[in-house]
Amino acid sequence: MFIIKLSFSFEQNLDHNETENKAKAFMSAHLDWLQQGYDKGVFLVSGSLQPELGGGIIAHNITREALETLLQEDPFVTEQIVKPEIIEIVPSKADDRLKFLLD
């Protein structure tokens with residue numbers, strides 16, 4: 001299982017407003033990309049990091065290599081709006097509602 005942190009790339013795009021405007025321009029394509037991850041059964045949860053820090057995704061049922069490839073298809077990544085960071089978790093215990101993650 002993986003946690004993906006998508007941090008806004010303010011250090012690459014020094015102007016905060018420029019990054020915001022670029023994010024708005026590519027939001028529809030980013031949301032389509034997210035939906036593809038859900039449709040493939042890879043993404044479990046996604047949402048915004050507060051306050052306006054970027055986004056986060058919880059993914060499973062995918063190898064790290066395949067996830068890295070998938071992330072390179074995200075318009076927010078290709079347009080350098082966000083910088084992805086992948087954190088791998090090997091779950092050893094889960095609430096009954098999440099037992100499927102232990103398989």
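Analyst: Helices and strands here are DSSP runs, numbered from the N terminus: a helix is H or I over at least four residues, and a strand is E over at least two. The model is predicted, so local features need pLDDT of at least 70 and side-chain atom pairs pLDDT 80 or more, while totals for chains, interfaces and linings use all residues. Residues are numbered from 1 along each chain as its sequence is written, and side-chain values use heavy atoms, without hydrogens or water.

User: Which elements does the chain hold, and in what order do they run from the N terminus?

Analyst: The chain has three helices and four strands, arranged as β-α-β-β-α-α-β from the N terminus on. As for extent, the C-alpha atoms fill a box of roughly 45 × 25 × 20 Å along the principal axes.

User: Where does His-60 lie, and is it buried or exposed?

Analyst: For that we need cut-offs: buried is under 20% relative accessible area, exposed is over 50%, and partly exposed is in between, using a 1.4 Å probe and protein chains only. His-60 sits in the loop between β3 and α2. Its relative accessible area is 16%, so His-60 counts as buried. Across the chain, buried residues make up 31% of the 103 residues.

User: Which residues does His-60 touch?

Analyst: A contact means heavy atoms within 4.5 Å. Leaving out residues up to four places away in sequence, His-60 touches Met-1, Gly-41, Val-42, Leu-44, Phe-100 and Leu-101. For the chain as a whole, 64% of the contacts with a separation of 6 or more are between residues 24 or more positions apart.

User: Now the backbone. Which bond is cis?

Analyst: Most residues other than glycine have a negative phi, and most peptide bonds are trans. Here the bond joining Gln-50 and Pro-51 is cis, with omega about -5°. Pro-51 belongs to the loop between β2 (43-49) and β3 (54-59).

User: Where do Asn-61 and Gln-80 lie, and what is phi in Asn-61 and Gln-80?

Analyst: Asn-61 has a positive phi of about 65° although it is not a glycine; it lies in the loop between β3 and α2. With 59% relative accessibility, Asn-61 is exposed. Gln-80 is found in the loop between α3 (75-78) and β4, and its phi, near 60°, is also positive. Gln-80 is partly exposed, at 45% relative accessible area.

User: Which residue does Asp-95 pair with, and which does Asp-96 pair with?

Analyst: Asp-95 bridges to Arg-97, with the closest N and O atoms 2.8 Å apart. Asp-96 bridges to Lys-99, where that distance is 3.9 Å. Arg-97 is exposed at 69% relative accessibility, as is Asp-96 at 65%.

User: How many aromatic pairs are there?

Analyst: Rings of Phe, Tyr and Trp (its six-membered ring) pair if their centres lie within 6.5 Å; planes under 30 degrees apart are stacked, over 60 edge-to-face, and the rest tilted. A search of the whole structure finds two aromatic pairs. The ring centres of Tyr-38 and Phe-43 are 6.0 Å apart and their planes are at 85°, so this pair is edge-to-face. Ring pairs link Trp-33, Tyr-38 and Phe-43 into a cluster. Phe-43 is buried at 4%, whereas Tyr-38 is partly exposed at 30%.

Definitions and conventions: A salt bridge is a side-chain nitrogen of Lys or Arg within 4 Å of a carboxyl oxygen of Asp or Glu.
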